[in-house]
Every structure is written in C-alpha cells, then in structure tokens.
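Me: Can you walk me through this one? I'd like to start with how a helix pair gets described, then go to specifics.

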Amino acid sequence: MSETHDAVHRHEAPKSFIRKYIFSLDHKVIGIQYIILALAAVLVGMTMSVLMRLKLSWPGTSWSILGTLFPSGAPGGIMNPEFYLSLVTMHGTIMVFFVLTTAPQGGFGNYFLPIQIGAEDMAFPFLNMMSFWVTLLGFFVILAAIFVEGNNTIANSALGLWLGGGSGATVGPIGGWTGYAPLSAVGPAAGPGQGAGMNLWIISIAIFCVGSLLGALNFITTLLNMRTRGMTLMRMPLTCWAWFTTAVLALLSFPVLLGGGILLLLDRTVGTSFFVPGGLVFGSSVLTSHTGGSPILWQHLFWFFGHPEVYIAILPGMGATSHVLSTFARKPIFGYRAMVFAIFAIGLLGFFVWGHHMFISGMSPYSAMTFSILTLSIGVPSAVKTFNWLGTLWGARIRFTTPMLFAIGFVSLFVAGGITGLVLGQTSLDLPMHDTYFVLAHFHLVMGVASIFGMFAAIYFWFPKMFGRFMSERLGKIHFWITFVGVYCIFVPMHTMGMVGMPRRYSEFGQYEFLARLHPLVVFVSIAAIITVFTQLLFYFNLVWSAFKGKKAGDNPWEATTLEWTTASPPPHDNFAGVLPVVYRGPYEFAVPGAPNDYVMQTEPDASEQAQGVSGDGHNGHKH
Amino acid sequence: MATTVTSTRPLIKKGTGGGPKGRVPNGNGGPKRNGHDRSFPDFQSSANRYRIGMWLGLASILMMFTALSSAYIVRAASSSDWQPLTMPRILLLSTALILTSSVTLETARRKLKSAATRAYKPWLLLTMLLGLGFLGSQLLAWRELVRQGVYVASNPHSSFFYLLTATHGVHLLGGLTALAYLSIRSRASQDNQLALIKAQAGADAVTLYWHFMDFLWIYLFVLLFYIR
C-alpha cells in the first residue's frame, strides 16, 4: 500500500523516558502535558476564588493559616483589600490564560486534531513541543509574580529588587486581568502588587502569547496540509472546525496583545509615555515622569485581543459539544454546514466587537452604536448553533452518559450566559450594568463555566481513547449534577446583585446600606461556590483512579464514527500504526437507513465502492 | 513552480456534510497524496507545510506591527508633546542595503529552483552580508540619535522610532539565523532529489520572510518619517 511510504520520514517512537514523556515531540503526550498544566493551574485559580468568597461573606473573620502564609497581606489572618484585589487579578489571569486557553486548544486540540484528520502528528512537532514549554515557562513566571508580591523575603531578595521590588503585601498585581493603564503602567507608585509583580505579569503574558502563536501556526498548517486521503474540509468533525477557527483567532489576536504588552513594559521600565497621561496624582504626589499618553489606547489594544480570546476559550467547547451530542443522540448533527459557517461567523465577528467592553470609556455614540449592532449580530450564529444542537437532540434516543450530560449542560449554560450578552451588548443597558456583578455573572457563565463544561464533556468522552479505560460513570454523574446545580446557584444570584448595583472587585460591602440587605445572598453564593469547588476534587480523584483502575475500554467504546475510534486505545506513537486511514464519508453518519449498525465509520466504503474492489489506488477502508 | 501556498493547489474540494447521504469520491481529501508522484508520495506536501507555516507566521507578525502602528497613529494624534525627529541620513543607506539584499536572496532562490545548487550558496552569503550591513547601519542611526541626546523616553516619536526599529531588527536577526541555517545545509541539497525539494521549500519560506521584512522596513520608514 502506498501509505507505507510515509514510513520514510515518520519519526520513530522514542525510547528514553525523557524523550517519551518529558521533551516529547508526540502531539498526544504534548496534549496531555497541556491538560496537566491546566489541571494544576485551575487548582490555583479555584483556591483563589474560594479565598475571595471567604472575604466577601465573612469579612471580619480571621483565617489563621492566611496570617501565617501572608503576614503582610492578611495581617492576623484577615485579608486586606489589596490582597483581595490581587486575588481577583490572579484568579482571572490564571483562569483565562492558563486554563481556558490551554486545555481546550493546546490540550484536546493537540491530542485529537491530528488523529481526527488522519495525520500521524502535527506539521511541526518541534514547534509543538516548544509551544508547550514556552507556555509552561509563562506559568512559572506568573507564579513568581505571586511569590514576589506575597512574601517579603522574596520581594526584598536580589531577584525581587532587580525586577522592580515586590510589596510582599498581596499575592500579585491588583489591576485585574485586563491590566488597565495607568494603574498598571506607573510602577510601585500605583500601590502594592504593582511593582515586580506587575512586571512579571506582563512578561508572563508576553511569553504566553509566543507559546500560543507557535501552537496556532502549527494547528492551521496541520489542518490545511496533513488531512488524509478523502478527508475533505466538509468531512471534518466539527471539533476540527472549532480548533481551526480558534487557531485563526489566536494567530491574529495574540500578536496585538504582545505588541501592547511591549508598550506597557516600556512605560514601566524605560519611562516612555505610551499609556500614561501627564499630571497624574498618586496619594499626595504628582507624577512628573510621564506626559501625554493615552490610557484608552491600552484598552483598545487589550480588548482587540480580549474579545477574540473569549471565543478562543469557548469555540473548542462548542466543537466538543457538537461532537458529543451527535454521538450520544445517535443522530447526524443537525445542519452540519450551518454549524461550520456559524463557527466561522462567530470567529469573524469576534474581531469587530471589542468596543463593547469600553462603552463607558467615553467613545463616540456612533462608534458605540456600531459596536453594539455588531455585538448583537453575534446572536445570530450563536442561535444557529443552539437551535442545531436542539435539533440534534430532538426526537433522539439519547444515551445519557456523563459526557452527554456535560454536553447538554454546555448548551444550557451557553444559553443562560449568552442571553445576558444581548443585554450587555446594548450601550444604554451596559452603562448602568458596567463593572457590576451582572457582567461578572454573564461572562463566568458563558465563557468560564460553559467552556469548562465543554472540556468536561471532552475528557469524559475521550478518556477511554487516551488511557484505554473508562472514567467512573457513577462518580461522573455525581460530579455533573452537583457542579451543574452549583454553578447556577453561584451565578444566577449574581445577576440579581448586579441589577441592584453591586460593583465588581470590592472586597467589602458592609458600609453600603443598599447592599447590606444582599448579604444573605452573598453568603449563599459563597456556600454554593465552596461546595462546587470541593466537588471538583471528586473529578480529580476520578481522573487518577480511572487511569489505573477504570473499566477497560475497547477501540470504539461509544460506537462513534470518527477516525480516532478506528485506532487502538491509547493510539500508537504514529496514531495509526503506519497505515493512514482513508475517509469515505462525513463525520456524523448515525442511524443511516439500511446500514447494518446505527453508525457508519468514516473509513467505511460504500457498497458501490466495495464493488469496484481495489481499483484506483488500491485503497480499502482500513479498520483495526 | 508557484511559490505561494494559495496558488499551488486548491485546498477546498467539494465533499459531503454530516448527513447520511454521502456521495463517495475516491479519496483526494487533503491537498496531498493525489497518487501521481508515486516515488515521493508525501514529500511535496511535507515541503508545502513550510510555505504555509511561513505565510501564517507573517500574518501574525503583520498583526503585531499593525497594532504598533495603530498605537503610533493614535499617540501621534492624541497629544501635544509629539516632537518629530529629523531623519538620521544613514537610514537611506539601510534602505538601500535591505532592498539590495532582497534582490540577492531572490537570485539565490532562483538558482536553487533551477537546481543550480553550486551558485546558490554565494548569493546566500552575500545576502547575509547585506543583512548584517543593514543591522549595522541601523545601529549607527541609533548612535547618531544618542549623540544628539535623543533617547527612548525623550518624546513619543523617539520612543516609537527605537521600538519599531528594534522590533524590526530582532525579526531580521531571526531571518539572518534562518539564512545561516540554509547556507550550512546548502551542501545537502546536492545529494538527492528529496533534499533538493526540502531545500527549495526552505529557501522559499525564508525568502518570503526576508521580502516581508524588506517591505516592512519600507513601510516603517515611510510611517516614521514621511507621514506627519
């Protein structure tokens, strides 16, 4: 068979432990490395959210362990406001960059994109490896920002001083994950956390940008160049379309953040005035070292990246959801073409709506209206996707497995969180809502929790392929129901708080009479959050336990149709043991009339094809 | 032979969607393995990926410079502290050097294309020399400004001048590294057909990058000194 020619330049399976598991060129190992990075980062991020909830609900309570760990940030165990702000900042940064960007794309995309298009690896395995290690370096740098601002010894060490001196009073910068200038641009004068920690924050994000760019370039090239015979674009699983669109977004938006980051770092270290206006007053002193910069410029650069970033987080979740829904509904995905165009439309529109984050920045009403109309028009492709998901479920004999539950949960959360996007996308409604808990609830539901549900669906679905064993269904279902109810208990009340006018990023509300009445709700949210967070430990346990003790899975345990299910579980080093599969049909051929099974694999030739026998190039559908 | 990805082969072919009624063409999904070139079934496409990857890389570099130029335009328009620099004369030399280097590199690439592998390396080396000359000339321009007492933070125009020239210079340094790699590997292209195809793809990708850096410099030069 002519496929075996590929052996000429296929890289052989590495023998040594380091090349096999650490500095591996294998996209599957790199994918798992990304997932492990996300699993570690999400622990840090969740711990921070629990601390924030503790502070919000029981502001005066002393947590002695915090007093021991952070003597100046939480003196006597009571978190001070700056400490809380830095928790907000680092929670956001770590979650958005190191969880929502790494796991869906770098993790699952890396592992499954090449297999699903029938390639033996990524186009540039070395770049792939580099992209992970660069991203990991970025994670270490962001952790360094935590320590340099959280610990006096490190803040005053030679390293801390060389980086601009940490405060030791927080656990990172205090300016939020958006790093708005001038707070982020003037150095320690802006308060604790804004010294070395802020420098490290910028450096970490810049490193992250480089890692993501390497990954994005690799994804697009792989998809365009390495599809196997018969895998036309319109036969690709929707997951591949989602990863492809995500990669395009990353390729075009991360450079803008990188450029902005360089400008911000120059403002801080060299004394340029890109973002810092003249005559700023900090405390009792006037800042004379800068003149004429534009803080709004930073907002434009940041949100030009920031809005596509939201889609970078959620599009892979949409892909996984479509894939899982179709598989367990045992029906073809409803409107495959419409789904593809909707993904692309969302990605494209995502580049023209960044202004809706800046309605209160004093922009012209005409540009605000343009941004508003474009923003609302994203509702159209989003609705196309939602109705197609519902159409897929309609009249189906659904198999309610754990991945299916999470996929349905994704649809629910996407609708619940997306609908408030229509509220916030309108200038007049956004003005009073801006920077309230309403915004917080909106984006946590739609880009935070929904994306994570997409990833839960993905991990429960693909775990048997990745490790050859099922994850425990019983634990999975408990995990799903508590998490699903939990996130609604957390974020629905937040909408109410926002409408009452509760502002984001405040560490205490006691002194505001009109908010004091909301305190029981705040406590309720905190309890829900703490229960939900601890439920995730069940998921971690399930992951580790199932990898060793889970029920054994075959090559195609879910009776799915796409290429990853044609190979062994886990797949061999080159994915298909030297013989690339040939594709004869679309990805979601379930319940085909007249077919012997209720699913037809993509590699299965039609009857007419089989009658021709080994004509042409001599390819038959190849199955293991 | 086309040099660009977009014109090599159509990537989009009609196929079937997710629906159950699948027409079945006999393979030919991806842009590769059309079965004509039996001796190297995968190689042309494996070489193509360097060209695709380079185009994508250029797209992202373009986005970064677009971001920086929009910052430049906004900053120039939004304040009264903008003091335009007088152009250091030596930048004209830089411009001449990088323009020439594009010509020499293109010559090198064509030599390799017509399999004149022996004439390839000298042109590569000449290009590297011109590239180094460009970087040296840029450094001299910086020195001239420093002598005048104009530093990075002196005023917004000087900040942008140093920033843009430095960012461009770093990218050009990357190009020089790639050229060095090509010239080290240039002997291998004489060995066999496979190595030649690979070397040609590499040369295509690097040449593309170099031309882009050339174009980028002209653009930055005009932006910095001819748009007021």
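Reply: Axes here are lines fitted to C-alpha atoms, for helices over the stretch in contact, and angles run from 0 to 180 degrees between N-to-C directions. Keep in mind that this is a predicted model.

Me: Fine. At what angle do helix 10 and helix 11 of chain A pack, and how far apart are their axes?
Reply: Helix 10 (residues 238-269) and helix 11 (residues 295-329) of chain A pack at about 160 degrees, and their axes are 8 Å apart. Angles over 145 degrees count as roughly antiparallel, so helix 10 of chain A is roughly antiparallel to helix 11 of chain A.

Me: Left-handed or right-handed crossing?
Reply: Left-handed, for helix 10 of chain A passing helix 11 of chain A. The residues of that contact divide into 22 nonpolar, nine polar and one charged.

Me: Switching to confidence. What is the mean pLDDT of chain A?
Reply: The mean is 92, and 95% of the residues of chain A reach 70 or more.

Me: And where does pLDDT stay under 50 in chain A?
Reply: One such stretch is residues 1-9 of chain A, with 16 contacts beyond four places in sequence in the model. Another is residues 613-624 of chain A, for which the model has 26 such contacts.

Me: How much of chain B is buried?
Reply: Of its 228 residues, 40% count as buried.

Notes:
Residues are numbered from 1 along each chain as its sequence is written. Chains are lettered from A and ligands numbered from 1 in the order in which they are written. This is a predicted model: local features need pLDDT of at least 70, side-chain atom pairs count only at pLDDT 80 or more; totals for chains, interfaces and linings use all residues. Helices (H or I, at least four residues) and strands (E, at least two) are DSSP runs, numbered from the N terminus. Angles under 35 degrees count as roughly parallel, over 145 as roughly antiparallel, 65 to 115 as roughly perpendicular and the rest as oblique. A crossing is left-handed if the near helix is turned anticlockwise from the far one by less than a right angle, and right-handed if clockwise. Ala, Val, Leu, Ile, Met, Phe, Trp, Tyr, Cys and Pro count as nonpolar, Asp, Glu, Lys and Arg as charged, and the others, Gly among them, as polar. pLDDT is the predictor's confidence in each residue, from 0 to 100. Two residues are in contact if their C-beta atoms, placed from the backbone, lie within 7 Å. A residue is buried if 20 or more other C-beta atoms lie within 10 Å of its own, exposed if 12 or fewer, and partly exposed in between; C-beta atoms are placed from the backbone.
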